[in-house]
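Please open the structure in your viewer and keep the selection tool at hand. The tour goes from stop to stop, each time saying what to select and what is there.

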Amino acid sequence: MKWFLFLPEIFYFASGMAFLCLSMTNRSDPQREYYIALALAALGVVVSLVAVNWEGFLFFNTYRVDLFSQVFKLILAMGLFLIVSICSELKSINVRHHPEFYFLLFVCTLAMMLLVSSVHILTIYVALELSSYSLYVLVALRRDEKMSLEAGIKYFLVGIFASAIMLFGVALLYSTTKATFIADLIKVLPGILDTPAALIGLLLTLCGFFFKLAVFPFHFWAPDVYQGASNQATAYIATASKVAAIAILTRMIAVTGPGSIYLAHALVALSIISMTLGNLAAIVQKDLKRLLAYSAIAHAGYVLIGVLSMDSAGYASVIFYAVTLLIMKFTAFLVVVKVADDGRNLEISQLAGLHRRSPLLAMALMVSVFSLAGIPPTIGFTGKFLIFAAAMHNGYFTLVLIAMINVVISLYYYLLILKAAYLLEPEDEQPTLQLSQPTTILTSVLVAAMVVIGIYPTLLFELARAAAGALM
Amino acid sequence: MEYASFPYLTAILLSCVTGLVVILILPGERKDQIKWVSAVFSGITLIFSLYLFFAYDKSKGGLQFVEIIPWVESLGITYFNAADGFNLPMLLLTGIVFFTGVLTMWELDYRVKEFYAFYFVMVTAVFGLFMSMDLFFIFIWYDVSLFPMYLLIVVWGTTRKEYGAMKLTLYLLAGSALVLPAIIYLFVQSGLNTFDVTVLMQPGTFTPVQQKFAFILLYIGFGILAGVWPFHTWSPVGHVAAPHAVSMVHAGVLMKIGAFAVLRVAIFICPEGWQHWSQLMAVLATVGIVYGAFVGLSQKDLKFVIGYSSVSHMGIVGLGLATVSVDGLNGAVFQMFGHGIMTALFFSSVGYIYDRTHTKIIAELGGLSRTMPVASTYFIVAAMASMGIPFLASFWGELVVFIAAFKTYPVRGALAVCALVVSALFMLRMVQRTFYGPKNEKYAHLPDVPFGLGIPRMILLIVLVGFGLYPTLMFDMIETASIPFINGLP
């Protein structure tokens, strides 16, 4: 009955196949496909929820089902469900391509689920590539071909470059440790991590994940891809894809045990550069999605602070932060998708008058922006607080101080977004935005979740701690 | 420690939150209903804070009305509220300013619902901060009290509002960028896995070096909000730009949050750091007093004058804290209270004048005492309080601080007293030019304050005079906290 453990993955595989078949039919009905996708994604959440306590190994021990992986699968399933829920008006994708769009979303989620469970270098690589390739196509699928093709190609080129570097690192790692199983690496690696070959091997291996997370120096793709891809695809890249990257990065770093001082320093440097670069570049952005891309680079820096603490408190804080990112980023993109209802890109200045056009969306934007900036009582603050506390336990006082200064810098552009939404008035009168009943409920739930989990993080934090415990 | 039979402190927070929820539910067009709801719920908080002030058992002292609920046990976070001689005056101040602020904005007609919603969020956090005894919650309340400011100023403000709002928010958040690492540092270094102030303040929890390090971070971080020179520049700009009620809460209460947090967090937990850095605190405070007075002299805008006098008066609070003595603490806390009421009265009366004349430039006004005698009276009383005229509440705070300062820092104390003369000069000049002299005919037809709109100013005036005539009420309260604290110092 071991195959039972594989149920969530099988489910997403089957869903993907269903959409593949749909894409081969001639008749296309966007409404029908949306409802099918929504139902399947909701069912996926249920399946992942059922599977949350399962444990075991599959495929000659290259695939591990534990609390860590199952929690992440649940987060990914919820991410997919949220993304599908804002696809009701997929105007930026050609109607003929809607089934393909959903097909790619489901396959990409499948790949990420494989990724968070992989405990063998090869399965990790294969899963990583599968998810990347789905995303390349997803990005290029937008109706406005020129911009999205450029974005897709840029994404693809940076992606294969990162993959190549990662493979090189894997080779180095293998030559020094003679191990490809994570379980074996844990035994060998901490002892030899201070040798150059092993350290460089590990760092180069991590590059593949840095690319996914948009950590400096693999961040170049983010602004162009965020801008070029359709709003929904961008939302997916900004949320689910980042969650998977955080998961696998955490698993790889956990291999090093207490870690080495060189590795920690390298990560500190990358973290500081990512934060500062992301925040400074975001200040001058006019396009909201581009701004969110730079803010994502900055957030990758914050994530690294939690990762480089290299203890269970640090990993728990990172897992918490993954959920945080998912909720707050998604809320921001929900507003983008709803305000730019014809599927165009959204300038910050086009948010003008949002407080009148839709008070609820304006409030959702406000809470998500404060959450992104890390202002209490939102979930974003609690996430940052846990990360900083974990780093401080390991003596990184200066790093935390630099991160806090970055928070202040970031506040500047976040406040500009709020100013646009609350103060500026549009030049020509815009109609009020009518939200459907489910959207209203979804938005309210997200806002409530951001505030309630921010004030009372206990349950989520205990779950994150348990998941981190399964990792060690 | 005495546990509460009824959670009065939480009741204050809950009435704020309930008010907020009701405001959010009401449709935006029902402006009068929203105002009445705000008045009722802010009135309830005022009643609770008044009750607590008088129900506190001064003979027992210590922490009373204590409420403890474990919040995140694995991180040692507790929901821990308590009242003592330091925070009860502050809670009362907040209650008064909150209620009168709602009444001051009674004529507001633009986006009423959102205004009161943000206003309630801000004040909830202020209450929360004053009553909390848990570092984590203190920080949360501190930040929550700041973020509605940006929107409040940018949407409803006046002069250079976008610049003022951004400057204010970034300055204050920069303060919290120092505070958060310091708080986590204390949490980690104590090794006790708790954010409880009463536990962390036990002698011997931190080494002198740790205390010195954490103290300076906390002092600068919170000090930015308290308007400590040279980090004060956000304050006049922000006060001028903000709408009246927000200026009232901001200058009246929010700046006190900074000074109070220095007391509650930095001084309580790091007393040795306090003693070490007290010289520096005294220097910065004195410079602030003198500087605020002289810059105030050259201002042409009523609100700027008040803004700089606030910097000067908050300097007096800082000087009191820097003396490391019972008198200094008593004076500092009393001065926080007195200045809060006084500034609220200032901004409230300027608010009335500005709403009629649409100018705050001193030169454009003139002779207002004949057009609006009542409105002028409110303003002039506030100005007299600001000059330190006896028998107004702010007099006693200043007096006691200066007595304490003369003992510890004679030169700096003398300088500060001289600066008071300068500030009296600019206050008198402002009063003379605005309210006396040739009448500006443009504003001659304007009505005086009607009784209804005068209520908030009257309340503030009564409090100002009441505590001025009967300061023992306040000093007895503060002493229940300050004497045991100073005696407990190593």
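Select A:Ala264, which is buried because its relative accessible area is 5%, where buried means under 20%, exposed over 50% and partly exposed in between, with a 1.4 Å probe and protein chains only. A:Ala264 sits in helix α11 of chain A, residues 261-283; helices are DSSP runs of H or I with at least four residues, numbered from the N terminus. Leaving aside residues up to four places away in sequence, A:Ala264 touches A:Leu308, A:Met310 and A:Tyr396, a contact being heavy atoms within 4.5 Å.

This is a predicted model, in which local features need pLDDT of at least 70 and side-chain atom pairs count only at pLDDT 80 or more, while totals for chains, interfaces and linings use all residues. Residues are numbered from 1 along each chain as its sequence is written, chains are lettered from A and ligands numbered from 1 in the order in which they are written, and side-chain values use heavy atoms, with hydrogens and water left out.

Next, select A:Tyr133 in helix α5 of chain A, residues 121-140; A:Tyr133 counts as partly exposed because its relative accessibility is 39%.

Finally, move to chain B and select helix α16 (residues 393-408) and helix α17 (residues 410-435), which pack at an angle of about 145° with their axes 6 Å apart; axes are lines fitted to C-alpha atoms, for helices over the stretch in contact, and angles run from 0 to 180 degrees between N-to-C directions. Among the residues that meet there are B:Phe402 and B:Phe406 from α16(B), and B:Val417 and B:Leu420 from α17(B).

Technical notes:
Helix = DSSP H or I, 4+ residues; strand = E, 2+ residues; numbered from the N terminus.
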